[in-house]
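Biologist: I have a new model open and want to learn how to read it. Shall we go through it together?

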Amino acid sequence: MNYTFDFSVLVGNFGPLIEGLQTTLLLALGANVLGLTVGFVVCLLAMAPFWILRLPAKMFIEFFRCTPVLIQIVWFFYCVPILFNVFLDPITMGIMALGLNLIAFNAEAYRAGIQAVPKEHHDACVALGLGAWHKTVYVIFPQALRNAIPVLMTNGITILQQSALVAIVAVADLMYAGKMLATNTYRPLEVFTAVALIYFFMSLPISQVVTFLERRQDASVER
Amino acid sequence: MNMVDNINKQQEEETAKYQGAEDNSPLIEFKGVTKRFGDTCVMDEMDLKMKAGDRLVIIGPSGSGKSTLLRVLMGLEKIDKGEIFFGSNPYITVDRKGRTRTDMSVRSKIGMVFQHYTLFPHLSVMSNLTLSPVKVRGMARSEAEDRAREYLARLGMEDKLYSYPGKLSGGQKQRVAIARALMLEPKLMLFDEVTSALDPEMVAEIEKVMLDLAKQKMAMMIVTHDMYFAKKIATESVFIAGGKVIEKCDPEIMFNEPKQERTRDFLDKVLHLK
Amino acid sequence: MNFDFFRVLSYWDVLLNGLGITLLFTVSAVIIGTLLGFIISLMRVSPFRVLKWPARLYVEFFRGTPMLIQLFWIFFCLPLVIGRDIPPYVSVLLAMVLFMAAITSETFRGSLKSISGEQHDACVALGLNFRVKAINVIFPQALLRSIPPLMSNNVALFKESALISSVGIADLMFVSSNISSSTARPVEFLTAAAIIYFVVAFPATRLVDLVEKRLLLRFT
C-alpha cells in the first residue's frame with residue numbers, strides 16, 4: 001500500500017461534519033420519539049379484538065417491515081409532495097419517513113414483549129380478581145415493556161444507522177456532509193473513515209447497554 | 001421412637017429381596033475432598049468409602065453438596081483439594097499447581113443419569129444410544145444397534161426406537177437416558193435426582209427400572225428426595241450436611257434410629273412424622 | 001392528479017431484470033456471508049484471544065455503522081488502500097458479504113450459547129471427545145436453532161441490497177428510480193418497486209414463522 005494518509009483535510013473541515021452530525025442526531029431522535037410512542041399505539045391496534053382496527057395496523061406493520069428503508073425514504077420524498085400536495089422541510093420529511101419505519105418495527109417489538117408475558121400471569125390476574133384494566137396496566141404492560149426494552153434500543157440504533165440513507169435524497173446529514181467533503185477534497189479514505197468512526201462511537205455505548213440488559217434478563221430467567 | 005414404622009412393615013419383604021451385596025472390595029474412596037464455589041464450600045474435607053457391591057444412597061438438605069458429590073465423581077466439576085480412588089487406583093487428584101487431574105480410562109467406567117434427562121433432542125432414541133459406543137468406543141454400528149434394541153426392550157421401550165425425544169413422556173425419556181448410560185457398560189451408575197422432574201405417576205416406572213438394576217448387582221450412587229425409595233434400594237446410606245458426611249450407616253439404622261441429632265431432625269422434617 | 005399505473009406494465013421486463021440483479025447479489029452474498037459468518041462465530045466462542053478479539057471487533061464495527069458507509073468505504077476507499085481498481089460488482093458483493101457475515105455470526109453465536117449446560121454435561125458423562133461432541137451434538141442443535149433467524153437475516157439482506165443502487169448497480173431500486181425520473185412518474189414506478197420488494201419479502205417472513213413453529217414443535 002503506497003497511499004499517504006492526510007487526515008489534516010479533516011481539521012479545517014469540521015464545521016460541515018458537525019452540522020451534518022447535528023442533523024443526523026435530530027433525525028434519529030425525532031424518529032425514535034415517533035417510534036416509541038406511535039409504535040405502542042400501533043401495537044395496541046394490531047392486537048385489538050376488532051378486525052377493522054387490527055387489519056390496517058397489521059398491514060402497515062408488514063408493509064414497512066417487508067420493503068427496503070431506502071425505497072420508503074425515496075418514495076416519501078418524491079411521492080408525498082405529489083400525492084398530498086404538502087411541502088415540508090427536508091428534516092421534517094426525513095424524521096417522518098424514518099419514524100414510519102421505526103413505528104412498524106417497534107410495534108412488533110412491543111407485541112413480542114406482550115406475548116412473552118407468561119400465560120400463567122393472565123390466569124393469576126383472574127384468580128386475584130383483577131379487572132382487564134388493572135391487569136393490563138399493573139401486570140402485563142410493565143413486564144412487556146421490560147421484555148421489549150433491549151429490542152427497542154437495538155431498533156433505535158438501527159434507525160440511527162438507517163438515517164444515513166436520507167443522504168441519497170440530499171438531506172444534509174452526516175453521511176451527506178461526508179460525501180460532499182470526500183468529493184471536494186478528493187480524500188474519500190480519510191473522510192469516510194472518520195464518518196464511519198463517528199457513527200460507530202455513537203452506537204457503541206447503546207449497544208453495550210443492550211448487551212448488559214440482555215445478560216441480566218438471561219440471568220434472571222435462569223433463576 | 002420408630003419414625004417410619006408403618007412404611008417399614010410394608011416394605012420389609014421387598015427390601016430383603018434387594019439386599020445381599022457381597023462384593024466387599026473397595027470401589028470408590030474420597031479422601032479429604034474439598035470443593036468450593038467462590039466463597040461457599042460445598043465439600044469440606046470429605047471422606048467417603050463405597051464398596052463394589054454397594055448401592056449408596058445420599059440424602060441431605062438442599063445445598064448440602066449431594067449433587068456436587070456426584071458431579072465431581074463424574075468429572076463434571078473440578079476439586080480444590082483431596083483425592084478420589086477407584087478401586088486401588090487414583091482417579092481424581094489435584095496436582096501441585098492446583099489443577100484437577102482425571103484418569104479418563106477410569107471415568108469411562110462411570111455412567112450418570114441426570115434430573116432433566118439430557119437426551120439429545122436432534123437425535124432419535126436409537127442414535128442417542130449408539131452415538132458414544134460407535135463414535136468413541138469404535139463399536140460396529142450393527143452391534144451397537146443390536147445392543148440398543150436389547151436394552152430398550154428390557155426397559156419396555158422397543159417400540160420407541162426411532163422416535164425423537166420430544167415425542168416421549170418424562171418417564172420414557174428417563175428410561176432412554178438410563179439405557180443410554182448402560183450402553184457403555186459402566187461399573188458404577190450415578191443417579192442425580194432422576195425422579196424429581198417426573199410427574200408422580202411416572203416415578204414408579206423409573207424406580208422399578210432402578211430396582212431391576214439393583215437385582216443385577218449394579219453398583220449405584222443415588223441422590224434422591226424420596227426417602228421410601230431410598231430405604232428400599234439402598235445397601236448403604238449416607239447423610240450429608242454442610243459439605244461433610246454427618247452419618248454413614250446401614251439404611252435400616254439410618255431410617256429407623258439414626259445416631260446423629262442432625263440426621264434425625266432432617267428425617268423428621270422430610271417424613272412429616274413429628 | 002392522475003395516475004397511469006398501466007405505464008408500469010410497459011416497463012415490466014426492465015423492472016424484473018432489476019429484481020434479477022437484486023436477487024443475484026442477495027443470493028451470492030447469502031451463501032458466502034453465511035459460511036463466513038459461521039467461521040467468525042466459531043472464532044468468537046473459541047478460547048483463544050488472538051481469534052476472539054479481531055472477530056469481535058469486526059462484528060461490532062459492521063453492526064455499529066450504517067451499511068451505506070461500509071459500501072462507500074469499500075467502493076471508494078478500498079481501491080486506494082490496496083492500490084488497484086476493483087470492479088464495481090466485486091466491491092458491492094464484498095460489502096454485502098461482510099455485512100451478512102457480521103449479522104449471521106451473531107445468529108450462530110447466539111444459538112451456540114443457547115445449548116444448555118446440561119447437554120455439555122451429558123457429553124462428559126457419555127465420554128464423548130471434543131470432535132464428536134462438536135460435530136454430532138452441539139453443531140447440529142445450534143444449526144437447527146439458527147434456521148429461522150438465518151432466514152430473517154436473508155430477508156434483511158434482501159432489503160438492504162437496495163443500497164447498491166447508490167453506487168450505480170442496476171438493481172430493482174436503481175432501475176425503478178431511473179424510470180421514475182425519466183418518465184417523471186415517481187408515484188407509479190416507486191410504488192411498483194415497493195410492491196415487488198414486498199411480494200418477495202413478505203412470503204419469506206411468513207415462511208420464517210412457519211419453520212420456527214415446526215422446529216419448536218419437534219425439538220422442545
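**Reading chain C**

Modeller: From the N terminus on, chain C runs α-α-α-α-α-α-α-α-α. This is a predicted model: local features need pLDDT of at least 70, side-chain atom pairs count only at pLDDT 80 or more, and totals for chains, interfaces and linings use all residues. Residues are numbered from 1 along each chain as its sequence is written, while chains are lettered from A and ligands numbered from 1 in the order in which they are written.

Biologist: How many helices and how many strands are there in chain C?

Modeller: Both are DSSP runs, numbered from the N terminus: helices are H or I with at least four residues, strands are E with at least two. By that rule, chain C has nine helices and zero strands.

Biologist: What share of chain C is buried?

Modeller: A residue is buried if 20 or more other C-beta atoms, placed from the backbone, lie within 10 Å of its own. Chain C has 220 residues, and the buried share is 47%.

Biologist: How far apart are the end C-alpha atoms of residues 189-208 of chain C?

Modeller: An unreviewed UniProt entry annotates this span as "transmembrane region". Such annotations may be inferred rather than shown by experiment; positions follow the numbering used here, and feature names are shortened. The span is 100% helix and 0% strand, and its end C-alpha atoms are 29 Å apart.

Biologist: Which chains share the most contacts?

Modeller: Two residues are in contact if their C-beta atoms, placed from the backbone, lie within 7 Å. No contact joins chain A and chain B. Two pairs of chains are in contact, and the most contacts are shared by chains A and C.

Note on methods: A residue is buried if 20 or more other C-beta atoms lie within 10 Å of its own, exposed if 12 or fewer, and partly exposed in between; C-beta atoms are placed from the backbone.
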